[in-house]
Amino acid sequence: MKTTPQRTEIARFLKRARNHPSALEIYGRISQKFPNMSFATVYNNLKMLAEKGRIKTLDLDPQKTRFDPDVSKHHHIICLKCGKIEDIRRKYRIKTAVPKKCRYTALSNTVHFYGICAGCKKKSGRRRTKKTAGGKNK
Ligand SMILES: [Zn+2]
Ligand SMILES: [Zn+2]
């Protein structure tokens, strides 16, 4: 595949991105350096990088497709409030997870978890106990 400076920049940005960014977020950052690049160009480059196996496409966010530069095997948990995605590195036993009735030999799995992150939990907790959580006086 022919490498363009744009694609190099996208790949470089993704390598440092730890937050599983969406195409729009990536476009926002890349366009600071390449103001003439269109969203379609960024998107097509992302698609190509995914096809080549350089990045992974994540479909657990109902709002938008997200991208992961880490192509090693891992699972994800997404916060339903703020959309933060974190990696989960753990092995789930396929043998016990797939029902016997399903007569497939399962070879791999990807598990998506949905929940509320620590930051959002703290925020909603604070709102509920607003009266008592006044903070320390100096
Ligand atoms: Zn959150
Ligand atoms: Zn990941």
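What share of the 138 residues of the chain counts as buried? The figure is 13%. Keep in mind that this is a predicted model.

**Whole chain**

Start with a cartoon view. The chain has 5 helices and 5 strands. Follow the sequence and the pattern reads α-α-α-β-β-β-β-α-β-α. Now consider contacts between residues at least 6 apart in sequence: 46% of them join residues at least 24 apart.

**The nonpolar core**

Select Ile10, Leu14, Ala23, Ile26, Tyr27, Ile30, Val42, Leu46, Leu49, Ile55 and Phe67 and show their side chains; these 11 residues form the largest nonpolar core. The largest share comes from α2, with 4 residues.

Centre the view on Ile26. Leaving aside residues up to four places away in sequence, Ile26 touches Ile10, Phe13, Leu14, Pro21, Val42, Leu46 and Phe67.

**Helix α3**

Colour α3 next. Which residues of α3 are buried? Select Val42, Asn45, Leu46 and Leu49. They lie on the same side of α3, because the arc they cover around the axis is only 100 degrees. An α-helix has 3.6 residues a turn, so residues three or four places apart point the same way.

Turn to the other side of α3, where Ala40 and Glu51 are exposed. Then look at what covers the buried residues: α1, α2 and β2 (66-68) are included.

After the helix, click on Gly53. This residue follows α3 and has a positive phi, near 80 degrees.

Zoom in on β3 (residues 75-79) and β4. They pair in the antiparallel sense over 4 bridges. Strands of a sheet pair through backbone hydrogen bonds, either parallel or antiparallel. Pick Ile77, and you will find Glu86 as its bridge partner in β4. Move to Ile78, which stands opposite Ile85 in β4.

Now trace the hairpin of β3 and β4. There are 5 residues between the strands. In this hairpin, select Gly83, whose phi is positive, near 80 degrees.

**Cys79**

End the tour at Cys79 in strand β3. Is Cys79 buried or partly exposed? Cys79 is partly exposed, because 17 other C-beta atoms lie within 10 Å, while a buried residue needs 20 or more.

Show the surroundings of Cys79. Beyond residues up to four places away in sequence, Cys79 touches Lys84, Gly115, Ile116, Cys117 and Cys120. Draw a distance from Cys79 to Cys117: the C-alpha atoms are separated by 5.3 Å. Along the chain, these two cysteines are 38 residues apart.

How values were computed. Residues are numbered from 1 along each chain as its sequence is written. Chains are lettered from A and ligands numbered from 1 in the order in which they are written. This is a predicted model: local features need pLDDT of at least 70, side-chain atom pairs count only at pLDDT 80 or more; totals for chains, interfaces and linings use all residues. Helices (H or I, at least four residues) and strands (E, at least two) are DSSP runs, numbered from the N terminus. A residue is buried if 20 or more other C-beta atoms lie within 10 Å of its own, exposed if 12 or fewer, and partly exposed in between; C-beta atoms are placed from the backbone. Two residues are in contact if their C-beta atoms, placed from the backbone, lie within 7 Å. A nonpolar core is a set of buried Ala, Val, Leu, Ile, Met, Phe, Trp, Tyr and Cys residues joined through C-beta atoms within 7 Å. The arc is that of the directions from the helix axis to the C-beta atoms. Two strands pair if DSSP finds at least two bridges between them.
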